[in-house]
Amino acid sequence: MLLINAGELDPENSPVGCEPEDWMRFDKEITDSGVVVASESLADLVTATRVQVANDGKRTVTDGPFAETREVLGGFYVIDVPDLDVALEWAAKCPGSRGGGSVDVRPVAEFPGA
Amino acid sequence: MDHVEAVFREERGRLLAALARRFGDLDLAEEVTSEAIEAALTRWPVDGVPPNPGGWLMTTARRKAVDRLRRDQVYAAKLAILQVEADRSAPQAAGDELPDERLQLFFTCTHPALAPEDRGALTLRCLAGLTTPEVARAFLVPTATMAKRIVRAKKKIREARIPFRVPGPDELPERLPGVLQVIYSVFTEGYAASSGPYLQRLDLAEEAIRLARILHRLLPDAREATGLLALMLLIHARRDARSGPDGDIVLLEDQDRSRWDQAMIAEGRDLVVTALTGGPAGPYAVQAAINAVHDEAADFAGTDWPQIVQLYDVLLELDPSPVIALNRAAAIALRDGPEAGLALLDELAAEPVLRDYHPFALARADLLQRLGRVPEAISAYDHALTLAGSEPEREHVRRRLAVLNASR
């Protein structure tokens, strides 16, 4: 899974350093290659809501998650590739890895019998 | 028996690499490698050494791996695929020559996705064949801590699917420095232990040279791998002269040069020539050239300082680090006098890397002493004393302080 963390944002809340065309080009390239299992781009952070359930079962719903860190999850790709090096190559091509942004690569866990 | 152990040590890395590549699982590869070697230690004295020891070990280890996989439910599905693969690519019938897959293992153990401190540990464990307690001793951490680190790193390799592969030609320039860096950091820890009672840890330095030899053999055209091997040989050639009878430091200028290892110097010099030919030289090759110039001088005063300064100029271009600037300043002090050197050091004093760097403090103290600025030199030595890592380093500073105080 490629988790895309947005870097710096300009006053209009769009990422600095890459244009929509870069994203469209990347999305076409990775989709055409056939490795994509799923992908979504997430809506603006102000629309996010956080749910926590305490030990006593009480549910807390808050506005958030707050962007206390500079990194904000902006979207993801789930891809099916043979190894980490191939995943890293796609991550490096992703426009989200530039302009102060970053892409975290996480393997999807495999469970026996699944 | 030493000979047999050396054979196993050599074979262990090759076996492990081949099995890790085949099964994609470092743990499994390690277990069956050890089991195959154990089997050889009981069988060979009775049955005699087989004509193709490497092939025998490989067949035994593979059989044990398949047995294990069969017993393990989680691996049941994998097993089917592996058997097909093993049948297809079985090199057994091809004769004595097994493919050497250690190069793949080098790149796996030093993969940038692993924590930097784990890369050296894995390399020593898997490629040098050191036991976990030996690796722990090498990095001066408790065995339990090291065992945990190795387990975590292997888990990362397995679960993040760090591949067992040699990077392609376009990636190699990016990845090779990481491999060389790991080997060199093992060597430098051996050359000047960062703490503890001993100045040098020859076992570590020799292990690093052994790894560099393997890498150089596997990548004969990689000039920086050649340069690194040359560099380590040219430094290690001076090992016997670097410490006195009580384990104290003997500086380059006071070393008994007849105790330098001339065979090692000759080998290093041949390698450095190769590393410097056919294109722009890399930083290891240039550092090797600097050490070759030192090793060629009949005595300290006869060292070709202008050439050493020139080489440091080249090196500083390639790697503009404060530590290299410090070494260049020291060479300029020897070419042009202590005043010129001290002026350069004062320019570097604000560098954060150098502020608490023992060799910087020591170099400054030494130049002040040479200029006869005794009170300043004493306070500079006092500062150096607080930064020294190993006991011989501290003792060296204390002795110089004693001489200075006596001269007042």
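Which residue forms a salt bridge with Asp85(A), and how far apart are the closest N and O atoms? Keep that in mind as you open the model, which is a predicted one.

**Stop 1: the link between the chains**

Select Asp85(A) and Arg165(B). These two form a salt bridge, with their closest N and O atoms 2.4 Å apart. Asp85(A) sits in helix H2 (residues 84-93) of chain A, while Arg165(B) is in the loop between helix H8 (143-159) and helix H9 (172-191) of chain B, so the pair joins two chains. Is Asp85(A) buried or exposed? Asp85(A) is buried, at 8% relative accessible area, whereas Arg165(B) counts as partly exposed at 24%.

**Stop 2: the rest of the interface**

Now show everything where the chains touch. You'll find 11 residues of chain B in contact with 10 residues of chain A. Together the chains bury about 740 Å², with 53% of that on carbon and sulfur atoms. Highlight Ala160(B), Arg161(B) and Pro163(B): they supply 52% of the area that chain B buries against chain A, more than any other three residues. Between the two chains there are two salt bridges, and three residue pairs are in polar contact.

**Stop 3: a hairpin in chain A**

Move to residues 49-53 of chain A, which make up strand E3. How many of the five residues of E3(A) are buried? The number is zero, so this strand lies largely in the open. Check Gln52(A), which stands opposite Thr60(A), and Val53(A), whose bridge partner is Arg59(A). Five residues lie between the strands, and in this hairpin Gly57(A) takes a positive phi near 90°.

**Stop 4: a domain in chain B**

Select residues 111-157 of chain B. UniProt, in an unreviewed entry, places the feature "domain: RNA polymerase sigma factor 70 region 4 type" here. This stretch is 72% helix and 0% strand, and its end C-alpha atoms are 9 Å apart.

**Stop 5: salt bridges within chain B**

Next, pick Arg269(B) and Glu296(B), which meet in a salt bridge at 3.6 Å, N to O. Arg269(B) is in helix H12 and Glu296(B) in helix H13 of chain B, so the pair ties together parts that are 27 residues apart in sequence.

Finish with a network of salt bridges whose members include Arg12(B), Asp25(B), Arg125(B) and Arg158(B).

Definitions and conventions: Residues are numbered from 1 along each chain as its sequence is written. Chains are lettered from A and ligands numbered from 1 in the order in which they are written. This is a predicted model: local features need pLDDT of at least 70, side-chain atom pairs count only at pLDDT 80 or more; totals for chains, interfaces and linings use all residues. Side-chain values use heavy atoms; hydrogens and water are left out. UniProt positions are given in the numbering used here, feature names are shortened, and annotations may be inferred rather than shown by experiment. Helices (H or I, at least four residues) and strands (E, at least two) are DSSP runs, numbered from the N terminus. Buried means under 20% relative accessible area, exposed over 50%, partly exposed in between (1.4 Å probe, protein chains only). Two strands pair if DSSP finds at least two bridges between them. Contact means heavy atoms within 4.5 Å. Buried area is the accessible area (1.4 Å probe) that two parts lose on being put together, summed over both. A salt bridge is a side-chain nitrogen of Lys or Arg within 4 Å of a carboxyl oxygen of Asp or Glu. A polar contact is a pair of N or O atoms within 3.5 Å; within protein, one must be able to donate a hydrogen and the other to accept it, and residues adjacent in sequence count only if both atoms are side-chain atoms.
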